[in-house]
Amino acid sequence: MTTSIVRPSVEIHPQLTDPLLPELLHPSRLLWTPRELADLTSTVTTELTAGLRGILRFDEDRRWWARLALTDGVELWLLSWLPGQRTKPHDHGGASGSFTVLQGELGEEYRYPGGPIRRRTHVTGEAIGFGAGRAHQVTGIGDQPAASVHAYSPPLVSTREYTSLADVPAEIPPLPAIVHG
């Protein structure tokens, strides 16, 4: 009789060699809470700053991003924002998320289904975690380039874009079943 051990898959950006990152990713955790995601992005931003800055790029023509890590339970991204660069209004398809500002300032307009549109400014070092269904639009504000670390769980869930945050439906459809294989 042969016994095989299935190890959780972990992908890490080749330029991130700090041994702390694999420990932070908890590859056996298949679903992360918004608080756990905020702790992850905050710790990565604080503890892996030099590695992140080595990867970071800015592009005047479009927003820039790089995937930092992927497990069966979470994906981690680094995004850059020149002043005025923004996302389209979107949600994360039912996934929970988080972001922490590595540098600069980000403006965010956000809305939960059926709720009012709200605005926040996020500054360097600030982390926020959010649950499924939250739609938002993020913009680089101020006069300096910004960068942020984002995490989503479950990973690889498609975003849904909206014409405006006012178009977010009162009820977000449930998250589709995700099969990793």
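In the predicted model, strands β6 and β7 form a hairpin, with six residues lying between the two strands. The turn of this hairpin contains Gly114, which has a positive phi of about 80 degrees. Strand β6 covers residues 105-111 and strand β7 covers residues 118-123. The two strands pair in the antiparallel sense, and six bridges connect them. Within this pairing, Glu109 has Arg119 of β7 as its bridge partner.

An open sheet of six strands is also present, and its strands follow the order β1-β2-β3-β10-β5-β8 with antiparallel pairing. The edges of the sheet are taken by β1 (10-12) and β8 (127-130). Each of these edge strands has a single partner strand, so one side of each is left without a neighbour in the sheet. On average, neighbouring strands of the sheet are turned by 20 degrees against each other, direction ignored.

Within the sheet order, β3 stands next to β10. Strand β3 spans residues 75-81, strand β10 spans residues 146-153, and seven bridges join them in an antiparallel arrangement. Leu79 has Ser148 of β10 as its bridge partner.

When residues up to four places away in sequence are not counted, Thr45 touches Leu52, Thr100, Val101, Leu102 and Val149.

Aromatic rings were examined next. A search of the whole structure returned zero aromatic pairs. Two arginine residues, however, are placed over tryptophan rings. The charged end of Arg29 sits over the ring of Trp32, at 4.4 Å from the ring centre. Arg62 lies over the face of Trp65, and the distance to the ring centre is 4.9 Å.

The confidence of the prediction was also considered. The protein has a mean pLDDT of 91, and 90% of its residues reach 70 or more. Over residues 177-181, by contrast, the pLDDT is below 50. In the model, this stretch has five contacts beyond near neighbours in sequence.

Note on methods:
Residues are numbered from 1 along each chain as its sequence is written. This is a predicted model: local features need pLDDT of at least 70, side-chain atom pairs count only at pLDDT 80 or more; totals for chains, interfaces and linings use all residues. Side-chain values use heavy atoms; hydrogens and water are left out. Rings of Phe, Tyr and Trp (its six-membered ring) pair if their centres lie within 6.5 Å; planes under 30 degrees apart count as stacked, over 60 as edge-to-face and the rest as tilted. A charge sits over a ring if NZ of Lys or CZ of Arg is within 6 Å of the ring centre and within 35 degrees of the ring normal. pLDDT is the predictor's confidence in each residue, from 0 to 100. Contact means heavy atoms within 4.5 Å. Two strands pair if DSSP finds at least two bridges between them. Helices (H or I, at least four residues) and strands (E, at least two) are DSSP runs, numbered from the N terminus. Axes are lines fitted to C-alpha atoms, for helices over the stretch in contact, and angles run from 0 to 180 degrees between N-to-C directions.
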